[in-house]
Number of protein chains: 2
Amino acid sequence: MIEEKGILFILSGPSGVGKGTVRKSLFEQSTDLRYSISMTTRGAREGETDGVDYFFKSRDEFERLIAEGKLLEHAEYVGNYYGTPREYVEETLENGKDVFLEIEVQGALQVKQNFPQGVFIFLIPPSLEELKDRIVSRGTETEEKVKNRLHTAREEIEMMDAYDYVVVNDEVDNAVKKVQSIVMSEHCKRERVAKQYKKALEAGQS
Amino acid sequence: MIEEKGILFILSGPSGVGKGTVRKSLFEQSTDLRYSISMTTRGAREGETDGVDYFFKSRDEFERLIAEGKLLEHAEYVGNYYGTPREYVEETLENGKDVFLEIEVQGALQVKQNFPQGVFIFLIPPSLEELKDRIVSRGTETEEKVKNRLHTAREEIEMMDAYDYVVVNDEVDNAVKKVQSIVMSEHCKRERVAKQYKKALEAGQS
């Protein structure tokens, strides 16, 4: 049997858009995705297990791993490092499981550089969708307000450019359904499927 | 309000794979897709309405439309022409509705030439999937049988190359779910979404 490799899905989007809520709801419904386990230098809290909640590392180890390119992304918050270890992701994918990573925009851009074969999903606020729909027929707001909203919108739209998909977070259930459909359809992509079949045929010939 | 254009989805695959069954089940569940109405030179049967069941045309008219490039594909069966009129498809897409076309492989390849922006889905038989899974551990069949199966498989896999997605028709419900997920995720593609937002912003600026 020729095993299919898993796919890395990255969910990101502007701060406050509701990434965490969508991820939580997705994991309440779906069991096939593996959530990416982060690495950190902060101490384990009571009840936290190494390799389950986080991979706990010393600052020296973490910095060595950064230097060796062993992290798909990392950042420092209030004196501690947090990051996504490449090894855990790659091993899980090799075992045929999809990995799901929910992360801030800056981290997602780092992942994109280090793992471009991932599938990048950008979550946008319904306000941007509404803005798009109403932009032509505006007139109820002050010029200054409209200008500010357009400025924010422009920034958010520019952020999309590194992503494969854009999902409007109008309702959590809708957004989750869209993410699920992206996961399912990515497994039907011809490049991916045909490659497996061609490999199988070659194996059958030898 | 900036209208989103519809998408043309083409379902095809080797003869006997069950395209019609998948299409039928899809339309029993989904209402957002419009089924592409074919054009034909055969006479209307009792109860058939022009523009609903088919667009009925004379042979002269049909040949003129072929010459003018007004058909996305066409073929002749037992003395009558059948084809897919470009105009109906394009108008429906302009109105923001997705169009769904279920068609033989030869017709799908014509559509691909005339409407490359369509989304092409290849339905494959579960026997090909099984063959892939068992190909390495084979040994229960005669060499001749295996050779024949490999030959057919190779032909089917080569047919995939023009398609965007490959769906295994192992169970109709699974195949339908996958097609639905492809429809949903295609609407989330960044190129498509970002373009609309950028248009809206430009409209807002003027």
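Reader: How much area do chain A and chain B bury between them?
Author: In this predicted model, chain A and chain B bury about 3900 Å² between them, with 65% of that on carbon and sulfur atoms. On the side of chain A, the residues that lose the most area to chain B are Lys132(A), Tyr197(A) and Leu201(A), which together make up 19% of what that side buries.

Reader: And how many salt bridges are there across that interface?
Author: The rule finds 2 salt bridges between chain A and chain B, and in a salt bridge Asp161(A) meets Lys198(B) through their side chains, at 3.2 Å from N to O. The count of residue pairs in polar contact between the two chains is 11.

Reader: Which helix gives the most to the side of chain A that touches chain B?
Author: That is α8(A), with 12 residues, while α5, α6, β9 and α7 of chain A are among the elements that each supply at least two. By type, the residues of that side divide into 24 nonpolar, 5 polar and 13 charged.

Reader: Switching to α3 of chain A, which of its residues are buried?
Author: Val89(A), Thr92(A) and Leu93(A) are buried in this helix, which runs over residues 86-94. They lie on the same side of α3(A), because the arc they cover around the axis is only 100 degrees.

Reader: What covers them?
Author: The cover includes strands β1, β2, β5, β6 and β7 of chain A.

Reader: OK, and what follows α3(A)?
Author: Gly96(A) follows the helix, and its phi is positive, near 85 degrees.

Terms used: Residues numbered from 1 in each chain as written. Chains lettered and ligands numbered in written order. Predicted model: local features only at pLDDT ≥ 70, side-chain atom pairs only at ≥ 80, totals over all residues. Heavy atoms only, no water. Buried < 20%, exposed > 50% of the residue type's maximum accessible area, 1.4 Å probe, protein only. Helix = DSSP H or I, 4+ residues; strand = E, 2+ residues; numbered from the N terminus. Arc of directions from axis to C-beta. Contact = heavy atoms within 4.5 Å. Buried area = accessible area lost by both parts, 1.4 Å probe. Salt bridge = Lys/Arg side-chain N within 4 Å of Asp/Glu carboxyl O. Polar contact = N/O pair within 3.5 Å; in protein donor to acceptor, adjacent residues only side chain to side chain. Nonpolar A, V, L, I, M, F, W, Y, C, P; charged D, E, K, R; others polar.
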